[in-house]
Amino acid sequence: MTASPRQPAPRSDERLSSPRHILLTGGSSGIGFQAVQRLLDAGHRLTVLCRDGAAADRLGGRLSTPICDLSDLTSVERCAEALLTAAEPIDSLVLNAGLQYSGAREPRWSAQGFELTIAVNHLAHQVLVERLLPLLLLGTAPRLVVTSSEVHDPSTAGGRVGQPAGLGDLSGLRQGPGGAMVNGGPFNAEKAYKDSKLCNLLMARDVERRLREQGQSLPVLAWSPGLVIPRSSGGFFRDSRRQNPFGQALFALVARDLLRLTETPQRAGALLAGLATSSPPDPVGLQYWSNRVLGPGRLRFDVSEPSAEARSDDLARELWALTGRG
Ligand SMILES: NC(=O)c1ccc[n+]([C@@H]2O[C@H](COP(=O)([O-])OP(=O)(O)OC[C@H]3O[C@@H](n4cnc5c(N)ncnc54)[C@H](OP(=O)(O)O)[C@@H]3O)[C@@H](O)[C@H]2O)c1
């Protein structure tokens, strides 16, 4: 009897270009919505976690749309439980949902009483990453993608405007529900957003380290899409526009139309779709990709260094210990 020839193991780029199961948050609007359309057209199978039925309806029937309201940890846990029961491996886990409500004077609260920005942008994603990790590790050439923002970094143009990101001693988080800011300070909506994006990077850092130290490797791609101001009335600046319609209109006119410092939702969506599938082809460890402005109408997407605070292993461990499940 002759032995059948062994099939050579598929190269990683082949594994990445074949249809993947991609699970996203924040796929019902803006950058994520654009990414979803591209990924569907490329033949990937998508699960998009949606806040409610209306968001799911906007996405149509070509994909799976479990309900997961990120402002309610009970809804997040319920959704994670259902996904674990279905036990379908995830090839790419994309944590992209996010909100800000710049200009607001008063904090808004999640169902469990956490400030809404940190609750949706960080706490819900922390639960998802921990709960869904077993399914991700069963995936083919698995990767984790986390959408952050350059405003997490006080040395960047966006990060310099207003109060800078900074988590202090995490005393606001330690307080639990009712803490308006992670550092225990008075509420500031812009800083709350920057802090949440810093938390995204620290979470990405710690999940990669934890797995590496357990002898398992998972590529983790954190990224910043640049400034994306859609022309529609919806999207990322919808809440901020309600607070300050004139200021936001002026900001859009100057940044997008005069100085041309912005990225289009379509191109940002293409960058996200690339990170979820094939670009970079063979990532190792943690990488931070940033879509940096070089000049009017000129952006470059490449590997960057996040802020010093985002590179702190100690802070990443402490944040995980406080907001993680264990
Ligand atoms: N736009 C920018 O200039 C910019 C710059 C840097 C980083 N980012 C980051 O890029 C990511 C995507 O932003 P975008 O510009 O595409 O904004 P967007 O159009 O407002 O999309 C945000 C997404 O998050 C979802 N989301 C918000 N709250 C949720 C909740 N409670 N439960 C479930 N889903 C929820 C939204 O769902 P609904 O459709 O139901 O609202 C939507 O799908 C965010 O993480 C943001 O921080 C954006």
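**View 1. Seven strands line up in an open sheet.** The strands of this open sheet follow the order S2-S1-S3-S4-S5-S6-S7, and their pairing is mixed. Strand S2 (45-49) and strand S7 (298-303) stand at the edges with a single partner strand each, so one side of each has no neighbour in the sheet. On average, neighbouring strands here are turned by 15 degrees against each other, direction ignored. The model you are looking at is predicted: local features need pLDDT of at least 70, side-chain atom pairs count only at pLDDT 80 or more, and totals for chains, interfaces and linings use all residues. Residues are numbered from 1 along each chain as its sequence is written. Helices (H or I, at least four residues) and strands (E, at least two) are DSSP runs, numbered from the N terminus. Two strands pair if DSSP finds at least two bridges between them. Axes are lines fitted to C-alpha atoms, for helices over the stretch in contact, and angles run from 0 to 180 degrees between N-to-C directions.

**View 2. Strand S1 and its partners.** Strand S1 (residues 21-25) is mostly covered, with four of its five residues buried. "Buried" means that 20 or more other C-beta atoms lie within 10 Å of a residue's own; with 12 or fewer the residue is exposed, and in between it is partly exposed, with C-beta atoms placed from the backbone. S1 runs parallel to S2, and five bridges join them. Look for Thr25, whose bridge partner in S2 is Leu49. S1 also runs parallel to S3, joined by four bridges, and here Leu24 has Val94 as its bridge partner.

**View 3. Strand S3 shows its two faces.** In a regular strand the side chains alternate between the two faces of the sheet. In S3, Ser92 and Val94 point one way while Leu93 and Leu95 point the other way, and all are buried. Four bridges link S3 with S4 in parallel, and Leu93 stands opposite Leu144 in S4.

**View 4. Strands S4 and S5, with a helix across them.** Strand S4 (residues 143-147) pairs with strand S5 (residues 220-224) in the parallel sense over four bridges. Thr147 has Trp223 as its bridge partner in S5. Helix H8 (residues 189-213) lies across S4, S5 and strand S6 (286-295), and runs at about 165 degrees to S5.

**View 5. Inside the largest nonpolar core.** Which of the 84 residues in this core touch the most other members? They are Val145, Val220 and Ala276. A nonpolar core is a set of buried Ala, Val, Leu, Ile, Met, Phe, Trp, Tyr and Cys residues joined through C-beta atoms within 7 Å. Not counting residues up to four places away in sequence, Val145 touches Ser92, Val94, Leu95, Leu221, Trp223, Leu275 and Ala276. Two residues are in contact if their C-beta atoms, placed from the backbone, lie within 7 Å.

**View 6. The shell around the ligand.** Of the 25 residues around the ligand, Gly26, Gly30, Ala97, Gly98 and Phe236 come nearest. A residue is near a molecule or strand if its C-beta atom, placed from the backbone, lies within 6 Å of it. Helix H2 (residues 30-41) gives the largest share of the shell, three residues. By class, the shell has 10 nonpolar, 13 polar and two charged residues. Ala, Val, Leu, Ile, Met, Phe, Trp, Tyr, Cys and Pro count as nonpolar, Asp, Glu, Lys and Arg as charged, and the others, Gly among them, as polar.

**View 7. Ser29 in its loop.** Ser29 sits in the loop between S1 and H2. Is Ser29 buried or exposed? Ser29 counts as buried because it has 21 C-beta neighbours inside 10 Å. Leaving aside neighbours within four places in sequence, Ser29 is in contact with Gly234 and Gly235. Ser29 and Ser232 are 203 residues apart in sequence and 11 Å apart in space, C-alpha to C-alpha.

View 8. Most residues other than glycine have a negative phi, and most peptide bonds are trans. Leu170, in the loop between helix H6 (157-160) and helix H7 (171-175), has a positive phi near 65 degrees. Arg260 also has a positive phi, near 50 degrees, and lies in the loop between helix H10 (245-258) and H11. The peptide bond from Ser279 to Pro280 is cis, with omega near 0 degrees.
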